[in-house]
Amino acid sequence: AINMQGGPLDDELRPFLPLTDHLGRLLTALADDGISGSITVEFLGAIAASDCRILGIGVLRGLLSAASGEPVTLVNAPIMAEHRGITVREVNDPQSGDYVSLIRASCVRRDGTTVRVAGTVLQPGDRARIVEVWGTPIDVEPTAHMAFFRYEDRPGVIGTIGTACGEAGVNIAAAQVGRRPDRSEAIMALALDAPLPPAVIADVSGRIGAREGRAISLP
């Protein structure tokens, strides 16, 4: 076990630690105009019965790693967050809906809007999945290079995005679409063979009239 501010890392929590890093990095990517100063991390389902403080620190590490030029570890992440005025509120709830265990992370951007992402670990194999982005359900495996687009749900968007990525020479390894229950909005998550440059993100967003488009690279 690793001893640190969040306490020891139990074996049953260990598979969730890489997921927390992904969720933190994704929060930073989606809130690219800055976080207002606090994040909320919810531990839902069976995982809520454990001491999950170390997983909250894992989200902090991912969030800070994506925006910091210096190494961020589970040991120094709380100190770095304190220096930046970032606090963490943790919530444990035995109810998790469709998943045995779920971790949800959210923050308020400087413009006052909320960004929310969630993930789980599936058995067998400790397979991490991102199951919520921008508050919309989705099911996608975290990969090294990803892109996310939020847009009005309508026909033809998938083909337009594929064409734009092809013109940019970036291969799409996998694509998943999630929709709000009222179908007013959809999101697309792309697993890519290479990073999608900011200019291509802007081009794709313009072609499909995306409300937001973001790229992210995961370790």
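In which helix is the place of arginine 25? In this predicted model, arginine 25 sits in helix H1, which spans residues 17-30. Arginine 25 counts as buried because its relative accessibility is 17%, and buried means under 20%. The side chain of arginine 25 makes a polar contact of 2.7 Å with the side chain of aspartate 21. Beyond its neighbours within four places in sequence, arginine 25 touches two stretches of residues. One includes Gly62, Leu63, Ser65 and Ala66. The other includes Ile216, Ser217, Leu218 and Pro219.

The largest nonpolar core holds 48 residues. Within this core, Leu55, Ile103 and Val133 have the most contacts. Valine 133 is in contact with Leu26, Leu30, Arg116, Val117, Ile138, Phe148 and Ile187, with its neighbours within four places in sequence left aside. Another core, of 18 residues, lies apart from the largest one. Phe149, Cys165, Leu190 and Ala210 are among its members.

The largest pocket has a volume of about 230 Å³. It is lined by 14 residues. Closest to the pocket centre are Ile35, Leu63, Ala67, Ile86 and Arg110. Leu63 is also a contact of arginine 25. Two or more lining residues come from each of strand S1 (35-45) and helix H2 (53-65). S1 supplies the largest share, with 3 residues. By class, the lining of the largest pocket comprises 6 nonpolar, 5 polar and 3 charged residues.

Technical notes
Residues numbered from 1 in each chain as written. Predicted model: local features only at pLDDT ≥ 70, side-chain atom pairs only at ≥ 80, totals over all residues. Heavy atoms only, no water. Helix = DSSP H or I, 4+ residues; strand = E, 2+ residues; numbered from the N terminus. Buried < 20%, exposed > 50% of the residue type's maximum accessible area, 1.4 Å probe, protein only. Polar contact = N/O pair within 3.5 Å; in protein donor to acceptor, adjacent residues only side chain to side chain. Contact = heavy atoms within 4.5 Å. Core = buried A, V, L, I, M, F, W, Y, C linked by side-chain atoms within 4.5 Å. 1 Å grid on protein atoms, 1.4 Å probe; cavity = no way out; pocket = protein on both sides within 12 Å on 5 of 7 lines; lining within 4 Å. Points joined across faces, edges and corners; volume = space filled by probe spheres on them. Nonpolar A, V, L, I, M, F, W, Y, C, P; charged D, E, K, R; others polar.
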